[in-house]
Amino acid sequence: MVVYVLLQRKYTARIMFVTLFSYYFYYKSSGTYFFLLAIVTVADFFLAQLMDRVEGYWKRKGLVALSLGVNLGLLAYFKYTNFLGGVIASLMGGEFTALDIFLPVGISFFTFQTMSYTVDVYRQDAPAQRNMVSFGAYVTMFPQLVAGPIVRYKDVAAELVLRTNTASEFAAGARRFTVGLAKKVLLANSIGALWDAELAAQSAGMLTAVGGWLGIAAFGFQIYFDFSGYSDMAIGMGQMLGFHFPENFNYPYTAASVTEFWRRWHISLTTWFREYLYIPLGGSRKGTWRTVRNIFLVWFCTGFWHGASWNFILWGLHFFAWLMLEKYLLRDFLQKLPSWLRHFYTLVVVFVGWGVFAMENL
């Protein structure tokens with residue numbers, strides 16, 4: 001931060017410093033796998049440049065498909081090879097020996113982020129970035145690099161060129177960072193100790209029903225304070241640097257329906273799937289069955305995005321089922337219930353979902 005402030009009047013040096021520091025930051029978490037960031041950055045930078053210059057529907061479509069192929073290919077290899085290999089082997093009646101593949105930190109986040117950039121350029125929702133260093137800063141921005149929020153290029157395109165750094169903005173960012181750090185260290189880690197205790201009781205064959213529910217409640221609050229705390233720290237650090245990242249949480253446990261919960265939880269991810277999967281598939285514009293199909297695909301992918309394991313897929317389909325029930329059967333009924341009962345129902349559905357999410361062994 002000291003170096004960043006000292007470089008205040010030197011735009012090129014400042015943005016280059018942020019990019020280089022971000023690469024160093026990622027190197028400290030994933031070692032030499034920081035080269036993946038370089039591959040994604042260079043590939044998407046030049047593919048977007050070509051998309052901005054060529055004419056013709058199929059040429060542009062081919063370029064955006066190549067960008068998606070690079071990003072999804074890397075994600076599939078590093079995150080899903082062993083899972084898919086095991087599934088194929090079991091279907092064929094054979095055995096699969098898991099490969100020793102290192103999972104780079106944050107690969108699910110930065111691949112989705114760069115894909116949003118090339119798709120936005122393809123749709124002409126954003127101009128292609130002409131400065132490689134500025135684009136590198138967008139891809140590798142260290143505050144949100146490893147765990148989000150997922151920042152769409154069009155949300156920060158203007159700030160990559162010109163940012164306002166004031167003492168009041170810096171102070172607001174520092175306050176937000178401090179709140180996030182407190183959520184993580186004081187709340188998430190402390191509540192997580194109860195979850196660990198219940199896991200130990202389960203392993204010892206001593207877990208009671210009450211203990212199980214307490215453990216899942218602890219897990220639900222741990223994951224909220226941990227993830228929202230990280231988002232607060234990322235947003236706060238971004239503000240200290242002059243960037244304004246999107247909000248990622250909006251008091252999700254106050255929701256009075258599962259639908260409302262997903263408008264408040266991990267907002268940047270749900271926004272990404274809505275804009276880059278649900279709407280391109282047709283959204284709700286082509287009849288009930290196509291709508292159900294599209295929502296099913298979104299929630300299957302949402303679950304699979306969280307981890308290469310059946311429990312994550314089941315977790316996504318758990319929410320798909322409840323969202324469909326609310327959309328087509330329960331909406332009018334829920335509206336007639338008192339608010340406290342709707343709130344209680346939502347928490348039960350969400351926390352049962354956390355039970356599925358937390359336990360990889362079905």
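I began with G236, which lies in helix α9; helices here are DSSP runs of H or I with at least four residues, numbered from the N terminus. The model is a predicted one, so I kept in mind that local features need pLDDT of at least 70 and side-chain atom pairs pLDDT 80 or more, while totals for chains, interfaces and linings use all residues. Residues are numbered from 1 along each chain as its sequence is written, and side-chain values use heavy atoms, without hydrogens and water.

Is G236 buried or exposed? G236 counts as buried because its relative accessibility is 0% (buried is under 20% relative accessible area, exposed over 50%, partly exposed in between, with a 1.4 Å probe and protein chains only). I then listed the contacts of G236 beyond four places in sequence, and found G173, R176 and F177 (contact means heavy atoms within 4.5 Å). I also checked G56, 180 residues from G236 along the chain: the two C-alpha atoms are separated by 42 Å.

Next I turned to α12 and α13. Helix α12 covers residues 288-306 and helix α13 residues 310-336. They pack at an angle of about 150°, their axes 7 Å apart (axes are lines fitted to C-alpha atoms over the stretch in contact, and angles run from 0 to 180 degrees between N-to-C directions). The pair is therefore roughly antiparallel, a label for angles over 145 degrees. On the α12 side, the contact includes W299 and F300, and on the α13 side it includes W315 and F320. By class, I noted 15 nonpolar, 6 polar and 1 charged residues in this contact (Ala, Val, Leu, Ile, Met, Phe, Trp, Tyr, Cys and Pro are nonpolar; Asp, Glu, Lys and Arg charged; the others, Gly among them, polar).

While in α13, I looked up H318. H318 counts as buried because its relative accessibility is 16%.

Last entry: α5, residues 107-123. Its 17 residues reach 24 Å from first C-alpha to last, close to the 24 Å expected (1.5 Å times one less than the number of residues). I wrote down that 16 of the 17 residues are buried, so α5 is largely enclosed by the rest of the structure. Just after α5, Q124 takes a positive phi of about 65°.

Note on methods: Helix = DSSP H or I, 4+ residues; strand = E, 2+ residues; numbered from the N terminus. Parallel < 35°, antiparallel > 145°, perpendicular 65-115°, else oblique.
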